[in-house]
Amino acid sequence: MAGSPNPSGANVGNVLTAQSILFDKELIPNLKGETDAFLSAAERKVQPLNSGINRQFFQYNTLVGDTTQRGDGVIGSPEFVGQISSPAQVGEWNNYSNFSSFVIAAALDDLVGNSAIELAYQAGQSISELYSSVCDAAGASTVDTQVNQSALLSSPYTLDLGTIREMKQQLVSKNVLPNRGGKYAGVVSPNVLGDIFNATTVNNSIVDLWKLGNIEKFDKMAGADQKQDIELPGTNIVLRQTPFVTTTANYQSTGKIAYRTYVFGNYALIGVWLEVGGDTDLHDGDWRTIDCSVVDNAPKSSFDPTGTIGGWCSYKFHQTVSLPPARGVNTQRMRFIDSVPAIQ
């Protein structure tokens, strides 16, 4: 009949070629956090070549005031200025991935190069965790019980600006100097930073202070860039965000996760770097600048005479992390605290 629709002789359901799949060669970027927060708070020492793998750090004992009056003409006993020390030993970390010539030829993407980027991210996480592990239970807080300030918080264990300021003032009271251009360095999870931003009172609210002072600065600080330095007003602390902080599941039986926040002074952490031939350059620990070794057209060899292995990527670095040479209460130059943020 005139005006009646013409039924389709073929549709998607029965045309096989219409059901083909286009594989998109442009891979969607995966999720990656910042890996250089702890390194930015540490001191770097380069181990010279051909000088062994061990290093010893020394520090003079601090003298106390002497109010003993001396008699005229009496030669007293000399003051002995003692020293303390701590050792460090450089180790090696490495990893690699290799691929057959067949899979390199068949893959849609740059398989070796893209895998090298993922290895760079792994290397960045690895070096970050080497530093943070020295800060944690097996490191600084074991040496100095004042490092762990988690007792400052009670249920619901929410961190605020006042507590951060108190941790820094503890360092000031022990004569710990700042280390980042006259400011103390801090490392914080983005989850916890949300609590610090959204404190409930004007005296503790960074948001209120920034809005009153400079709304553009507030917009910048509240952005999504984890590499952005967060200057906390009235604290002399510069925070860096990273997801790679220590976490504690079911903290204090709350059923929630606690995230650790750190405040560092000068020489709180000392990284010892040894550049061995063939090492990957870690730069400042940012995974984006870590260039893994890439071989994507490997030649045949006596080990692989048929050329089965077509390429590989790898990283290798030599480093260690040390605390300053001091033992006992109030000797370490950092503080940390565990809190349960609203963002879980």
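Predicted model: local features only at pLDDT ≥ 70, side-chain atom pairs only at ≥ 80, totals over all residues.
Which residues point one way from S9, and which the other way? Residues are numbered from 1 along each chain as its sequence is written, and side-chain values use heavy atoms, with hydrogens and water left out.

**View A. Two sides of strand S9.** Ala258, Arg260, Tyr262 and Phe264 point one way, and Tyr259, Thr261 and Val263 the other. In a regular strand, side chains alternate between the two faces of the sheet. S9 (residues 258-264) has seven of its seven residues buried, meaning under 20% relative accessible area (1.4 Å probe, protein chains only). Strands here are DSSP runs (E, at least two residues), numbered from the N terminus.

**View B. The partners of S9.** Strands count as paired if DSSP finds at least two bridges between them. S13 (residues 334-339) lies antiparallel to S9 over six bridges, with Phe264 opposite Met334. S5 (residues 184-188) is also antiparallel to S9, through three bridges; there, Val187 has Tyr262 as its bridge partner. S8 (residues 247-248) joins S9 through two bridges, again antiparallel, and Thr247 sits opposite Tyr259.

**View C. Leu108 in its loop.** Look for Leu108 between helix H2 (101-106) and helix H3 (111-135); helices are DSSP runs of H or I, at least four residues. Leu108 has a relative accessible area of 45%, so it counts as partly exposed, the class between buried and exposed (over 50%).
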